[in-house]
Amino acid sequence: MSNERETESTPERVVIVGAGLAAVRTAEELRRAGYEGELVLVGDETHLPYDRPPLSKEVLRGDRDDTTLRPSEFFGDNRIELMLGAAARSVDTASRTLTLSDGTELGYDELVVATGLRPRRIPGLPDLAGVHVLRSLEDSRALREAIVPGARALVVGAGFIGCEVAASLRAREVEVVLVEPQPTPLASVLGAEVGALVTRLHTAEGVDVRAGVGLSEIRGDGRVTSAVLGDGSEIDVDLVVLGIGSIPATEWLEGSGVEVENGVVCDGTGRTSTPHVWAVGDVASWQVPAGGRRRIEHWTNAGEQASVLAKTIMGVEAGAAAQVPYFWSDQYDIKIQGLGAVTADDTVHVVRDDGRKFLAYYERDGRFVGAVGGGLPALVMKSRAKIAAGAPIDELLTAAV
């Protein structure tokens with residue numbers, strides 16, 4: 001990957017493909033960095049750019065309907081052109097031309113890929129009414145309209161989205177079975193120890209949590225009526241929500257020469273393998289100082305990367321994106337918060353647990369690399385400096401006693 005500066009002069013037109021948080025933040029940061037040229041946001045949905053985290057929570061519960069990131073006047077005032085309702089179909093990086101699904105061809109000087117993720121599907125499932133995924137505003141509204149108190153729902157996958165959906169459905173008086181092939185909910189991202197605490201939280205709220213089992217089959221005549229799990233058990237259902245993860249939306253880059261490997265491969269400032277093409281947000285696999293590359297699917301990361309990328313495009317020394325990732329997930333009355341690049345392979349120390357609220361420290365090679373807490377925000381956030389410094393875990397454990 002080339003590390004030489006790609007922008008010989010200030011670009012006349014920057015095109016950002018995607019109209020979510022990462023795209024809007026990139027546009028904002030470019031203007032903040034002094035960019036005065038044309039700025040175009042391309043999005044496949046017709047809605048103004050909106051925030052996604054509330055979709056599985058407030059929007060699904062019916063507490064909120066509008067999650068627009070910025071009003072329409074904002075884009076006019078900042079000379080940001082919105083081209084909505086047509087997805088990127090392909091890009092010719094030699095001629096620097098983007099082609100949209102409606103046939104529109106759009107030239108660019110610099111192209112920023114911010115297309116985010118798309119939900120995983122389970123191959124072979126019949127196309128039945130009552131089966132939902134949750135990624136877009138329309139997905140959330142469709143699921144919300146299908147909710148009837150007393151209905152029976154199967155949520156497949158107990159990652160963050162699956163757990164949040166289960167909590168929101170319980171708030172709407174829906175009976176919920178939550179299935180997860182891993183040993184516990186969130187085991188693949190936070191480890192089984194914290195996953196067990198999350199299991200306890202959902203069980204206390206009336207969710208039937210079934211770990212170590214997945215979905216084998218759904219049945220119905222036009223509409224789903226039952227589901228067969230991997231252990232052979234069959235349950236009656238009115239709704240099925242698939243929350244089995246997401247994959248980077250990069251299909252439109254095939255044949256472009258832009259390197260893709262579990263996301264768009266980037267250096268530590270958002271440059272891709274192809275000159276004048278950049279990537280930011282959930283779709284981007286950025287190089288990290290510790291070595292290797294990572295996609296970080298957290299809300300705060302989008303803004304941090306956007307700032308670095310925009311300054312680099314403008315030829316300003318930007319430094320690196322924040323090295324202590326932050327994430328959160330609202331489930332019932334508990335906000336689960338995390339700091340650090342934690343993994344399921346880290347050693348987990350549960351240092352506080354009152355039966356509902358909890359705090360866990362993550363250790364790697366004897367160092368403090370992260371903290372995850374449920375309902376204890378102050379204790380999580382105060383650990384940021386120690387995580388950034390890679391403090392010895394023994395120092396933290398001694399203080400926690």
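## Sheets, cores and helices in a predicted model

User: How many disulfides does a search of the whole structure find?
Analyst: Happy to start there, with the reminder that this is a predicted model. A disulfide would need two cysteine sulfur atoms within 2.5 Å. Searching the whole structure for such pairs, the number of disulfides found is zero.

User: Is Cys163 buried or exposed?
Analyst: Buried means a relative accessible area under 20%. The value for Cys163 is 0%, so Cys163 is buried. Cys266 also has 0%, and Cys266 too counts as buried.

User: Which residue of β6 is the bridge partner of Thr99?
Analyst: Let's follow β5 (residues 97–100). On one side, four bridges join β5 to the antiparallel strand β4 (residues 88–92), where Ala88 stands opposite Leu100. Three bridges also join β5 to β6 (residues 105–107), again antiparallel. There, the partner of Thr99 is Glu105.

User: Which residue in the turn between β5 and β6 has a positive phi?
Analyst: The hairpin of β4 and β5 has four residues between the strands, and Arg96 takes a positive phi near 55° there. The hairpin of β5 and β6 also has four residues between its strands. In that turn, the residue with a positive phi, of about 95°, is Gly103.

User: Which residues of β5 are buried on the side away from Thr97 and Thr99?
Analyst: Both faces of β5 are covered. Thr97 and Thr99 are buried on one side. Buried on the other are Leu98 and Leu100.

User: Why are the buried residues of α4 on the same side of the helix?
Analyst: In α4 (residues 137–146), the buried residues are Leu137, Ser140, Leu143 and Arg144. They lie on the same side of α4 because the arc they cover around the axis is only 135°.

User: How many residues does the largest nonpolar core have?
Analyst: Those with the most contacts inside this core are Val15, Ile16, Leu30, Leu98 and Trp252. Ile16, for instance, touches residues including Leu30, Leu41 and Val112. A second, separate core has 38 residues, among them Leu197 and Ala360. The count for the largest core is 50.

User: How far apart are the C-alpha atoms of Leu169 and Asp63?
Analyst: Leu169 sits in helix α5 and counts as buried, given its 0% relative accessibility. Beyond its neighbours within four places in sequence, Leu169 is in contact with Ile147, Ala153, Val155, Val174 and Val176. Asp63 is 106 residues away along the chain, and the C-alpha separation is 13 Å.

Notes
Residues are numbered from 1 along each chain as its sequence is written. This is a predicted model: local features need pLDDT of at least 70, side-chain atom pairs count only at pLDDT 80 or more; totals for chains, interfaces and linings use all residues. Side-chain values use heavy atoms; hydrogens and water are left out. Buried means under 20% relative accessible area, exposed over 50%, partly exposed in between (1.4 Å probe, protein chains only). Helices (H or I, at least four residues) and strands (E, at least two) are DSSP runs, numbered from the N terminus. Two strands pair if DSSP finds at least two bridges between them. The arc is that of the directions from the helix axis to the C-beta atoms. A nonpolar core is a set of buried Ala, Val, Leu, Ile, Met, Phe, Trp, Tyr and Cys residues joined through side-chain atoms within 4.5 Å. Contact means heavy atoms within 4.5 Å.
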